[in-house]
Amino acid sequence: MTSKRSILVTGATGQQGGAVARALLSKGHRVKALTRKPDSDAARHLALAGADVVGGDLADTASVVRAASGVDTMFLMGNSYEAGMEEETRQGILAADAAKAAGVGHLIYSSVADADKQTGIPHFQSKYLVEKHIVGLGVPYTISAPVAFMENIVAPWSIGALSQGTYAFAMPPRRVLQLVTLMDIGAFVAALVERREQVFGKRFDFAGDELSGEEQAKILTQAIGRPISYQEIPIAVARQQSEDAASMFEWFDRVGYDVDIAALHKELPEVGWHSFADWARAFDWSALKRASSAA
């Protein structure tokens, strides 16, 4: 019988933090959900699910120390899209220091797969700076490093085109990319929480599936029930939107993630891994109708 833990989850009202909080609650653990917006709908839903919602900000060390006091585990993640990369690093370091000051017995930091390699991608490097700080802190830690999210396909920047029958992405149609669903990220972090001493000092890159854009489009066609075609976005167009994102897409095409998926899934079977087809079949595609009517 796994002992029940008390975990502080930062970013709890966001996609990844929310998935982690829900996974932990489903396993019977006690969750403190740290959020800058304790009155938001997402925070209310977490409270209804059994989380103890507390207000706080990663930039406010005192609020993190208060929230982390009395918990035995902390899940820490930043958001470079909201905060900016330099601020993400600064806040991550402050929050890690706060975890140490509060006496947290296990710090789990959410980074990104291959951030510990010389990728040249700015938002990978910003996370790796936090990783390096955590490694030197002298606290028991684990690095959780997911690949790209399956849910990016239905993110605000891509769902409009998808509602019109096009899956658009800045990679060649046959180039394979490793992916993971948010549900598996939550379950993976829950596994790290429960394995505890077994994963101290370890870094885990993880993925649920790997397939090309063309293969994804075929699966989407079956799941949605109407034709979805793949369209390659030129890197020059992506660069106009974001230099950081363009660097990432170029790295995806040139190098790409390299998780040994079969070995990983054998090592951590309790995650209950989902393929892209599993995710696509389970997703509520009525979201496409709403996106289409909003266009």
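Student: Which residues form one aromatic cluster?
Tutor: This is a predicted model, in which local features need pLDDT of at least 70, side-chain atom pairs count only at pLDDT 80 or more, and totals for chains, interfaces and linings use all residues. Residues are numbered from 1 along each chain as its sequence is written, and side-chain values use heavy atoms, with hydrogens and water left out. The cluster is made of Phe-124, Tyr-167, Phe-169, Tyr-230, Phe-249, Trp-251, Phe-252 and Tyr-257.

Student: How many aromatic pairs does the structure hold?
Tutor: Rings of Phe, Tyr and Trp (its six-membered ring) pair if their centres lie within 6.5 Å. The number of aromatic pairs in the structure is 17.

Student: How are the rings of Tyr-167 and Phe-169 arranged?
Tutor: Tyr-167 and Phe-169 are both buried (under 20% relative accessible area, 1.4 Å probe, protein chains only). Planes under 30 degrees apart count as stacked, over 60 as edge-to-face and the rest as tilted. The ring centres of Tyr-167 and Phe-169 are 6.2 Å apart and the planes lie at 25°, so this pair is stacked.

Student: What is the arrangement of the pair Phe-206 and Trp-273, and how many residues apart are they?
Tutor: Phe-206 and Trp-273 are tilted, at 6.3 Å centre to centre with 55° between the planes. Both Phe-206 and Trp-273 are buried. Phe-206 lies in strand S10 (residues 202-206), whereas Trp-273 is in the loop between helix H12 (261-267) and helix H13 (276-282). The pair thus links distant parts of the chain, 67 residues apart.

Student: Is H3 parallel or oblique to H5?
Tutor: Helix H3 (residues 61-68) packs against helix H5 (residues 85-101) at about 40°, with axes 8 Å apart. Angles under 35 degrees count as roughly parallel, over 145 as roughly antiparallel, 65 to 115 as roughly perpendicular and the rest as oblique. H3 is therefore, relative to H5, oblique.

Student: How many residues of the contact of H3 with H5 are nonpolar?
Tutor: Thr-61, Val-64 and Val-65 in H3 meet Leu-94, Ala-95, Ala-98 and Ala-101 in H5, contact meaning heavy atoms within 4.5 Å. One of these residues is polar and none is charged, and the nonpolar ones number six.

Student: What is the orientation of H6 to H11?
Tutor: Helix H6 (residues 122-135) and helix H11 (residues 243-254) have axes 8 Å apart and an angle of about 95°. H6 is therefore, relative to H11, roughly perpendicular.

Student: Which residues of H11 make the contact with H6?
Tutor: From H6 come Pro-122, His-123 and Phe-124. The contact of H6 with H11 divides into four nonpolar, two polar and one charged. The residues from H11 are Asp-244, Ser-247, Met-248 and Trp-251.

Technical notes
Buried < 20%, exposed > 50% of the residue type's maximum accessible area, 1.4 Å probe, protein only. Helix = DSSP H or I, 4+ residues; strand = E, 2+ residues; numbered from the N terminus. Axes fitted to C-alpha atoms, helices over the stretch in contact; angles between N-to-C directions. Nonpolar A, V, L, I, M, F, W, Y, C, P; charged D, E, K, R; others polar.
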